[in-house]
Amino acid sequence: MTPKFDVAVVGGGPAGLCAALWLARYMHKVVVVDSGDPRNWETRGINGYLGHQGIRSPDLRAIGRAECAKFGVEFIGGIVDQAINETGELFAVCLRGGTTIEAQRILLAIGIKDVWPAIPGLESCYGETVHVCPDCDGYDARGKKTVVIGKGRKAVGMALNLTTWTRDIVICTNGRDPDLDAEQCAKLDGLNIPVLSARIERVVPQGKWIYSLELEGGMQPDCDHLFFALSQRPADDLGAQLECERDEDGQIVVDEHHHTSVEHVWAAGDITPGPQLAIVASAAGAVAALSIHKSLVPNERKLAPANPVTTLESATAPSSSG
C-alpha cells in the first residue's frame, strides 16, 4: 500500500528538519525523505548558528532528527527520482528502488551541489582550509594568505567580500580566461589583488591544511585558505519535474511564505535564492511550515479575510445618489 502523509519533505538538512518539526507540532503526519548526502557534510563546523556556533553538520542533523522523531516525524532514507503532481491536492514521491509516498503537500528542501574544480589535493583540505562561502568561513581567513579560484564577476565579488577579513588575496582562474571588465580590473588594482591565469596542477596539503599551490609553469604561491567561486546546480531536478518557476541559476523562485509557483508546493533552503546559511535555511523551513499548515486547515476553521481597510478619501467621498 502507498503510504499517505499530510506533508512530504524532500531533504533532511536544516530547512527540511526545521519544517518537519514545526509541522509535526501542528499535528500533521510528516515524512522526511533524506538521501544522506548533504552538501556541507565535510565542513569543520557550521558558523553563525545561534546556540550551536561551530557545530558539525552531522551533529546538527542528528539533534534535529531526534527532536523531530519525538513528535512523530517519519524518516525514509533514499533518493527521490520523481515527484508527480497527481491531482493538485495529492503528490506522489517516487524513490529509487520502487517505494512511492503520497502526500497532500510537498516541501522541496533538496539543496544544491557545488561544481568542484578538478584539482588534485583539493578534497583533502575541504572543510578545514578550502571553502565555498566567505560569509560562513571568511572569519577563519582573517589576516591569512587567501586564494580565490574562479573567473569573472563571481571571482571578483568573492575576493572583494573577503577583504573584510584579509587583504592578502590572489585570484587564480585555473587556466581560464579571466573574463574581467574595466570596472572589475580597477577594483582589483586598487586593492592590490593580482590575477593569475595559470592552471593549478595541485594543492600541496599538510594534513587538512594547505601549504601551497603548484601552478603550471613552476610558480608556487603560498596559500593558507582557498575559496572557489564556481558554478552550482540543484541537487536534483524535482523542481523542474513539478514545473516550479526557476531563476537563471536553476534555483526555485518562492514568495515570502516560501510557496513556489505551483499550488501546494513549497521550497526552502539553498535551493531557493538568497544567503546560503544554515541558520537562514532553518528559518525558511519554519516559515514554509507555517504556510503549509495554514493551507491544510479546513475552511470551517478559518475566518474569512478581513475587509480591505477603508481609506479616508473613500469614507468621506459624497454619495453618487445624493
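## Basis of the model

The model is predicted: local features need pLDDT of at least 70, side-chain atom pairs count only at pLDDT 80 or more, and totals for chains, interfaces and linings use all residues. Residues are numbered from 1 along each chain as its sequence is written, and side-chain values use heavy atoms, with hydrogens and water left out.

Helices (H or I, at least four residues) and strands (E, at least two) are DSSP runs, numbered from the N terminus.

Two packed helices are described by the angle between their axes and the distance between the axes. Axes here are lines fitted to C-alpha atoms, for helices over the stretch in contact, and angles run from 0 to 180 degrees between N-to-C directions.

Helix H1 (residues 14-25) packs on helix H2 (residues 57-70) at an angle of about 20°. Their axes are 9 Å apart. H1 and H2 are therefore roughly parallel to each other (angles under 35 degrees count as roughly parallel, over 145 as roughly antiparallel, 65 to 115 as roughly perpendicular and the rest as oblique). H1 passes H2 in a left-handed crossing. A crossing is left-handed if the near helix is turned anticlockwise from the far one by less than a right angle, and right-handed if clockwise.

From H1, Pro14, Leu17, Ala20 and Leu21 meet Leu60, Arg61, Gly64, Arg65, Glu67 and Cys68 of H2. Contact means heavy atoms within 4.5 Å. By class, this contact of H1 with H2 has six nonpolar, one polar and three charged residues. Ala, Val, Leu, Ile, Met, Phe, Trp, Tyr, Cys and Pro count as nonpolar, Asp, Glu, Lys and Arg as charged, and the others, Gly among them, as polar.

## Helix H1 against H7

H1 also packs with H7, at an angle of about 35° and with the axes 7 Å apart. The crossing of H1 and H7 is right-handed. H1 supplies Pro14, Ala15, Cys18, Ala19, Trp22 and Leu23. H7 supplies Ala278, Ala281, Ser282, Gly285, Ala286, Ala289, Leu290, Ile292 and His293. The contact of H1 with H7 has 12 nonpolar, three polar and no charged residues.

## The buried face of H4

Helix H4 (residues 152-162) has Gly152, Ala155, Val156, Met158, Ala159 and Leu162 buried. Buried means under 20% relative accessible area, exposed over 50%, partly exposed in between (1.4 Å probe, protein chains only). Seen down the axis of H4, the buried residues fall within an arc of 165°, so they line one face of the helix. The arc is that of the directions from the helix axis to the C-beta atoms.

The cover over these residues includes helix H3 (134-137), strand S9 (146-150), strand S10 (169-172), helix H5 (182-190) and strand S14 (225-229).

## Loop residues

Pro273 sits in the loop between strand S16 (265-267) and helix H7 (278-296). At 42% relative accessibility, Pro273 is partly exposed. Not counting residues up to four places away in sequence, Pro273 touches Asp247, Gln251 and Ile252. Pro273 and Ile252 are 21 residues apart in sequence and 7.1 Å apart in space, C-alpha to C-alpha.

His264 lies in the loop between helix H6 (238-241) and S16. His264 is buried, with a relative accessible area of 7%. Its phi is near 70°, a positive value in a residue other than glycine. Gly88, in the loop between strand S4 (80-85) and strand S5 (91-95), touches Glu263 and His264, not counting residues up to four places away in sequence.
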